[in-house]
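Colleague: I'm new to reading models like this one. Could you show me how the labels get decided?

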Amino acid sequence: MPGNKYNGNSTHTPTRVERLLRERELREQRKSSRASHSNEVIDNHRGAEVSENGPRSRESDNSGVAFVEQYLEEDAAARALVEGCERQDGRPFRQRLLVVANRLPVSAVRRGEDSWSLEISAGGLVTALLGVKEFEARWIGWAGVNVPDEIGQKALTKSLAEKRCIPVFLDEEIVHQYYNGYCNNLLWPLFHYLGLPQEDRLATTRSFQSQFAAYKKANQMFADVVNAHYEEGDVVWCHDYHLMYLPECLKKYNTKMKVGWFLHTPFPSSEIHRTLPSRSELLRSVLAADLVGFHTYDYARHFDSACTRILGLEGTPEGVEDQGRLTRVAAFPIGIDSDRFIRALELPQVQEHIKELKERFSGRKVMLGVDRLDMIKGIPQKILAFEKFLEENPNWRDKVVLLQIAVPTRTDVPEYQKLTSQVHEIVGRINGRFGTLTAVPIHHLDRSLDFHALCALYAVTDVALVTSLRDGMNLVSYEFVACQDVKKGVLILSEFAGAAQSLGAGAILVNPWNITEVAASIGQALNMPAEEREKRHHHNFQHVTMHTAQEWAETFVSELNDTVVEAQLRTSKVPPELPQNDAMEHYLQSSNRLLILGFNATLTEPVDTPGSRGDQIKEMELKLHPELKEPLTALCNDPKTTVVVISGSDRRVLYKSFGEYDMWLAAENGMFLRHTKGKWMTTMPEHLNMEWVDSVKHVFEYFTERTPRSHFDLRDTSLVWNYKYADIEFGRLQARDMLQHLWTGPISNASVDVIQGNRSVEVRAVGVTKGAAIDRILGEIVHSKSMTTPIDYVLCIGHFVGKDEDVYTFFEPELPSDATSITRSKATDGPRLPAERRAALKLPASRSGAKSSQTKTQRPLPAPDRRTGNNHSSGSLQHPSLEKISWSVLDLKGDNYFSCAVGRTRTSARYLLSSSDDVVSFLQRLANASSSCALFSGLDV
C-alpha cells in the first residue's frame, strides 16, 4: 500500500495532499542531484566546443530550433543519469509520457517521394515538456500535411521517430471538417465567448452534424495511434479542445490507462456551453479522463457547473462524481522557461539590439503590445485607449511611443481580414492626428519578431499593455516580466486573461472594454514611482521564475499519477458486482427463499434524459420496467419463494403497480403491509407521535411555491420535498434554507429524522426505516403462510437512501465486531449458532443521533407491534406472538445471503448492480433457472 511506503506505518494511508507533498520533496531532491551533475557535463561539453571550433554562442538566429534541439541532444545524457535508479516504491524514475496534441512540434516539408525535412517549432507546450527530464516523452499528433501515399507515410514516420514524434495521418476532407470546421469555427469561438457562427445560420446549423461526425472520427484516429504505441504504465496526456472526445475513446480501449486532459483556452460558463449542440457528449467524453486540467480556477469552476447543470452530475471540491467514479478537476497555471529569457539577455546580439532600441527611442517612454492579430486580443481597444490617453494628456504626446507587434493569423478568413483593415485604419488615424514629420506615437508591425529581437524589446519596455478580451493564459505577460529584472517595467493586464489570476497582485488589472479605465491606467503606469514599480515587479518576477513551464508539466503528471492511486483506493471500498451465477446456484439449492426488492430505480423503467432537462411529468409517473412482468410473475408463483416489494412510496402507487402479482407490499418504508390478495394493515409502532406533520407541511408548501419545478409528497408517516427538476444550484440553496428553518422551528423538539437524499429532503418519524420494519413484516409473513421451515435464502436488492440501508445489514448472518460500516453489534464475542447469534442482534440507532423507537429483543423473531387506536383506515397486525415458536425463522449462512445496491457505490450492501436493466435481467435469469429446475424435478418424479 502507498501508506506503507510513505511513513512505514501499515495502519496509516496518507491523504492525497500528503502523497503529493512527498512526491514534491522527491522531485526537488532529484532536481538538485541532476543540476550538480549536468553542470559538469555542460562545462565539459562547452570546453570541447571552444577547443575544436573556437568560441561561439549556442543561440543562433533561429534560436527556437536551437533551443529545442539542445534539449533533444542533452536528453540522452539526462536519461543515462537516472537509468537504473528507482523510487522508494520500486518504479523507475523515468515514466513514459505520451503527449497527444492536434499538431506535432515539427513542421514537415516533402523533398522527394521518400524524403522529408523537419523543422522544430519552440512553442510553449514544446518548451514545457522537453524541459522535463522526469519523463520520457513521446509526441503524437498531426504533422500538418496531407500524405495520401503509403511510401510518403512510411518515410515521414521514420523521420519523425528520430524526434520522438509519432504522426497521425488525416486526409484533407477530415482536416477541413474537423479542424477548420468544428474546432476553429465552433469550439474556439464558443470557448472565447464569441458564440456560435452568426452568418448564414441555417447553413451553419446544417453543417454541425457532419462536422461533429468528422471531429469524432478524427479523435478516434488519434486514439488508434495511441493504442498502437501504448505500453502498460504509460501516462497519456491529451491537449486542448481539438481532442475532447479522445479520453472516452482511450478508456474504451483500456479502462486502466492513465489519461489526463488539459484545456489551453478558457472554458466558458455553462450558459454559453449549453448552446453547443453536442454539449453533453463532449462533457461526458472529457469526464472519462482521470484528471482534467485548466489554467485557472474560474475555468475549472465553469466546467464543474456545466457538468452539474447540463449532465445533472454532482460537483465536489475534488471534481465531478458520476455513479461513484470521481474525475478530478483542478487548475494548473502554465508558465514559461524563464531561465531561457534571462540567459538570452546576456547574449551579445541581444545586448546589441537593446543598445539600438535605446538610441532609437531615446527620451521617450516605450509601451509594448505583442499579440496575434485576433479578435480576442483586444488590439483595437488597446489602440483606442492609447488615443484617449493622448487626448487627455497632451504633455505626453511626444514623450511616449506604443510599439504594437501584431502577428498575422488565419489570413484567409474574412473576419480576420476585416480586423486587419480596422486596426490599420485606427493606427493611421491616430498617427495622422498626433504624429509629426519626425515621429509617430504608434509603431505597428504586421509580422513576428525573432527570439533575440523580442527579448531586447521586452528589456527596453517601460509599460507592457495586454488587453485580451478573453484569453486562456497569455504568456506574453510572463515573458515581459522575465526580461524586466533591470528596468522594473509596469504590466497593464486584462482581467479577462488567465494570467490575471497569477500576476494580478503585481500588475494593474483593467477591463479592456472600458477604454477610459485603460487610458487612466496608462497614465498611472507612466507616472508610477520607482519604489512601487520595484515592489510590483518583485512579486511578479518571483512568481514567473518559480512557476515555470517545467514545473507545470511535472505537477500535472504527478497529480495524474496520484489521481489514479486515489481512484484505486476509492475502488477498493466499492463493493463488487453481484456474482449472479453464485446467487442463482444458492437460490436453487435452498427450500424457503425470501426476495426483498426495492421499487423506484430498482424495478422501474430507466430514465435516459440527462439531469435537470428530464421530462418531469413523464418521470414523476413511476412505470414498471417493460421486461419485468414475465420474470416477476414466475418468481411470485414459485411456492418456495416469497417476494416482498418495500418502498417509500404510498400505498396507492404500490398497489397500482403490483396488484396483479402474488406478493407482499410494504409501503411507506414498511409502515403499511399487505398481501396483494388481502387488505392493508399497519406495522407502525404504538404511540407514534405525528403531531409535527402539519407544521412541516406548511414549510414544504412555502418552499415549493418559492422553487419552480419542485414538488412535495405528503404521506402518512413522512413528507418528501423534491427539487430534482429545479435549477440545481438554486435548489441546493433552498434546501439549505429549509433545513435551517426546520431545525430551529417546527421539528426542534420533535422525534423525527431528516434525510437528505439526491436532491430531496424527507422528514419522517423516528424509527421509520425499512430495517426497523423488517422484523414486523417477517412476523406477519410467517404467520400468514404458516411457515414450518426456516428461511434459508435471502436476496435483498434496492436503491435505498443511506438511512434505509439498515435493511441490508439486518440479515447479515455474521458481522465483524470492529466493522464501522455496520451499525449493529454483537452482544458477546463467544461463538454462537446462527439462531443464537441473531438473538443477540439489535436494530441500528438513527444515524441522525435520535434514538430509535424499536429494537430487537432476545428472541428468535419478534412479534409485530400491535397498533391500536390509530387514525388509519387500515387494520393492525392481529395474531398471537411468535415468541412461542420454538424454531428459528431465519437459518441463514453467509453464502445464502445476497444484498445488492442498485446504482449506489457508497453502500453497506455486499454487492452492486448498475441499473434497473441489470436487476430485471438477473431476475429473468433467476426465473428461467428456477423453471428449468422445477421441470427437471418433475421429470425425475
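**Helices, cysteines and a glycine**

Modeller: Let's start with two helices: Ile-379, Pro-380, Ile-383, Leu-384, Glu-387, Leu-390 and Glu-391 in α14 meet Leu-419, Gln-422, Val-423, Ile-426, Val-427, Arg-429, Ile-430, Arg-433 and Phe-434 in α15. Contact here means heavy atoms within 4.5 Å. This is a predicted model, where local features need pLDDT of at least 70 and side-chain atom pairs 80 or more, while totals for chains, interfaces and linings use all residues. Residues are numbered from 1 along each chain as its sequence is written, and side-chain values use heavy atoms, with hydrogens and water left out.

Colleague: What makes a stretch a helix, and which residues are in α14 and α15?

Modeller: Helices are DSSP runs of H or I with at least four residues, strands are E runs of at least two, and both are numbered from the N terminus. Helix α14 covers residues 379-392 and helix α15 covers residues 414-434.

Colleague: How are α14 and α15 placed: roughly parallel or roughly antiparallel?

Modeller: They pack at about 10 degrees, with their axes 10 Å apart. Roughly parallel means under 35 degrees (over 145 is roughly antiparallel, 65 to 115 roughly perpendicular, the rest oblique). So α14 is roughly parallel to α15. The axes are lines fitted to C-alpha atoms, for helices over the stretch in contact, and angles between N-to-C directions run from 0 to 180 degrees.

Colleague: What is in that contact, by class?

Modeller: The contact of α14 with α15 has 11 nonpolar, one polar and four charged residues. Nonpolar means Ala, Val, Leu, Ile, Met, Phe, Trp, Tyr, Cys and Pro; charged means Asp, Glu, Lys and Arg; the others, Gly among them, are polar.

Colleague: Why are α10 and α11 called oblique?

Modeller: Helix α10 (residues 279-287) and helix α11 (residues 297-311) cross at roughly 125 degrees, with axes coming within 10 Å. That angle belongs to the rest, so the pair is oblique. Their contact includes Leu-283 and Leu-287 of α10 and Phe-303 and Ile-310 of α11. By class, the residues there are eight nonpolar, one polar and two charged.

Colleague: And what about α13 and α16, at what angle do they pack?

Modeller: About 50 degrees, with the axes of α13 (residues 348-360) and α16 (residues 451-460) 8 Å apart. That makes α13 oblique to α16 too. Among the residues that meet are His-353 and Leu-357 in α13, and Cys-455 and Leu-457 in α16.

Colleague: How do you know that Cys-483 is in no disulfide?

Modeller: A disulfide is a pair of cysteine sulfur atoms within 2.5 Å, and a search of the whole structure finds zero of them. For Cys-483, the nearest cysteine sulfur, that of Cys-455, is 4.5 Å away. The sulfur of Cys-900 is 9.2 Å from the closest one, in Cys-796, so that is too far for a bond.

Colleague: Are Cys-483 and Cys-900 buried or exposed?

Modeller: Buried means under 20% relative accessible area (exposed is over 50%, partly exposed in between, with a 1.4 Å probe and protein chains only). Cys-483 has 4%, so this residue is buried. Cys-900, at 0%, counts as buried as well.

Colleague: Where is Gly-293 found, and what does it contact?

Modeller: Gly-293 is in strand β8 (residues 291-294). At 0% relative accessible area, Gly-293 is buried. Leaving aside neighbours within four places in sequence, its contacts include Trp-261, Phe-332 and Phe-556. Gly-293 and Val-329 are 36 residues apart in sequence, yet 6.0 Å apart in space, C-alpha to C-alpha.
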